[in-house]
Amino acid sequence: MTTLSRLAATIEARKGADPDSSWTAKLLSKGPEKCAQKFGEEAIEACMAAAKNDRANLVYESADVLYHLLVMLAARDVTLAEVLAELERREGTSGLAEKASRG
Ligand SMILES: N=c1c2ncn([C@@H]3O[C@H](COP(=O)(O)OP(=O)(O)OP(=O)(O)O)[C@@H](O)[C@H]3O)c2ncn1[C@@H]1O[C@H](COP(=O)(O)O)[C@@H](O)[C@H]1O
């Protein structure tokens, strides 16, 4: 099991848990829109670190982005496996072909 899949399983297990017992349970209890907002905020922080070439902060913020992406997906009942399957579907396809298929 990878770090990401272990984290996804932990987040899934937090669904319905007491919001006072865990940060993840608290965030999930606020609903999918709040989870999406948090993901967007963390993504912007990672973008700013990349733009400033702040390497240490980019690593730190990227970890926040991955965590909040998994929370947002869980809030909408989308699994990490579904996202990975989509990435696997694209393997062997060039980025240009993928772009063309989107019209
Ligand atoms: N990877 C993370 C992780 N990354 C970030 N965060 C939390 O995300 C929050 C984001 O920080 P912010 O400053 O943006 O949020 P905030 O200011 O506290 O909140 P708001 O002002 O937005 O309301 C922090 O409180 C972090 O603790 C995380 N919380 C949990 N995990 C993982 O999730 C697991 C389960 O955590 P719990 O649900 O807390 O048991 C942990 O073992 C970790 O592996």
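Predicted model: local features only at pLDDT ≥ 70, side-chain atom pairs only at ≥ 80, totals over all residues.
Okay, so one bit of bookkeeping before the pictures: when I give an expected span for a helix, that's 1.5 Å times one less than its number of residues. Keep that in mind for helix 4, which has 21 residues. From its first C-alpha to its last, helix 4 reaches 30 Å, close to the expected 30 Å.

The C-alpha atoms fill a box of roughly 45 × 35 × 30 Å along the principal axes. There are 103 residues, and 18% of them count as buried. If you take contacts between residues at least 6 apart in sequence, 47% of those join residues at least 24 apart.

Let's stay with helix 4 for a minute. Its buried residues are Glu61, Val65, Tyr67, His68, Leu70, Val71, Met72, Leu73, Ala74 and Ala75. What do they pack against? Helix 1, helix 2, helix 3 and helix 5. Just after helix 4 you'll find Asp77 with a positive phi of about 55 degrees.

The largest nonpolar core has 13 residues, and the ones touching the most other members are Leu28, Cys35, Leu70, Val71, Met72, Ala74 and Ala75. Helix 1, helix 2, helix 3, which is 32-51, and helix 4 each put in at least two residues. Which helix gives the most? That's helix 4, with seven residues. As general background, nonpolar side chains in soluble globular proteins tend to be buried together.

Ignoring neighbours within four places in sequence, Cys35 is in contact with Leu27, Leu28, Val71, Met72 and Ala75.

Now over to helix 1, residues 3-14. The buried residues here are Ala8, Ile11 and Arg14. They cover an arc of only 115 degrees around the axis, so they sit on the same side of helix 1. As for partners, these buried residues pack against helix 2, that's 23-29, plus helix 4 at 55-75 and helix 5 at 80-90. Just past the end of helix 1, Gly16 takes a positive phi of about 80 degrees.

Next, the ligand. Around it we have Leu7, Thr10, Arg14, Ser22, Trp23, Thr24, Ala25, Asp64 and Tyr67. A couple of those came up already: Arg14 is one of the buried residues of helix 1, and Tyr67 is one of the buried residues of helix 4. Helix 1, helix 2 and helix 4 each supply at least two residues of this shell. By type, the shell divides into four nonpolar, three polar and two charged.

Last stop, the start of the chain. Thr2 is in the segment before helix 1. Is Thr2 buried or exposed? Exposed, because Thr2 has 9 C-beta neighbours inside 10 Å, and the cut-off for exposed is 12 or fewer. Thr2 and Cys47 are 45 residues apart in sequence, and their C-alpha atoms are 25 Å apart in space.

Okay, that's my tour.

Note on methods:
Residues numbered from 1 in each chain as written. Buried ≥ 20, exposed ≤ 12 C-beta atoms within 10 Å, placed from the backbone. Helix = DSSP H or I, 4+ residues; strand = E, 2+ residues; numbered from the N terminus. Arc of directions from axis to C-beta. Contact = placed C-beta atoms within 7 Å. Near = placed C-beta within 6 Å. Nonpolar A, V, L, I, M, F, W, Y, C, P; charged D, E, K, R; others polar. Core = buried A, V, L, I, M, F, W, Y, C linked by C-beta atoms within 7 Å.
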